[in-house]
Amino acid sequence: MLVLLLAGAVVGLAVLLVHATGWGLGLGAAAVVAVLLALPPGFTTRVAFALGLVLLLVQAVQQRPEGDFLVGSDLAGYALLTLGLVVLVGAVVSVPRRHPTTSAVEDSTL
């Protein structure tokens, strides 16, 4: 889980560094989606990767001591933040739901 959390942060950093260019944001979004689709659904896999990416983005939108920001308030910046939100929601939604066992259902009907 920690490896995927760190991998999400590294991929998030790569996307953050090239998001200002149109091709960089597109390539970064494609890489993030490809990794998410390659990982099996679950909290310790997809959600860990997505959480690492989003936590890095949360740190990146904080104001720096110099007074500037790493993510600008332009279309590319908002697209990057939207990508992070979509990735996190998509990872959480893809987690399989646990169905009650058949014995528990049979016991409740008696």
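Student: Which residues of helix 2 are called buried, and what makes them so?
Tutor: They're Gly24, Leu25, Gly28, Val32 and Leu36. Buried means under 20% relative accessible area (1.4 Å probe, protein chains only), with exposed over 50% and partly exposed in between. Helices are DSSP runs of H or I, at least four residues, numbered from the N terminus. This is a predicted model, where local features need pLDDT of at least 70, side-chain atom pairs count only at pLDDT 80 or more, and totals for chains, interfaces and linings use all residues. Residues are numbered from 1 along each chain as its sequence is written, and side-chain values use heavy atoms, leaving out hydrogens and water.

Student: How do you know that the buried residues of helix 2 sit on the same side?
Tutor: Gly24, Leu25, Gly28, Val32 and Leu36 cover an arc of only 95° around the axis, so they share a side of helix 2. That arc is taken from the directions from the helix axis to the C-beta atoms. The face turned away from the buried side carries exposed Gly22, Trp23, Leu27, Leu37 and Ala38.

Student: Why is Thr45 called buried?
Tutor: Thr45 has 16% relative accessibility, so it counts as buried. It lies in the loop between helix 2 (22-38) and helix 3 (46-60).

Student: What makes the span of helix 3 agree with expectation?
Tutor: The expected span is 1.5 Å times one less than the number of residues. Helix 3 has 15 residues, so it should span 21 Å, and its end C-alpha atoms are 21 Å apart, which agrees.

Note on methods. Helix = DSSP H or I, 4+ residues; strand = E, 2+ residues; numbered from the N terminus.
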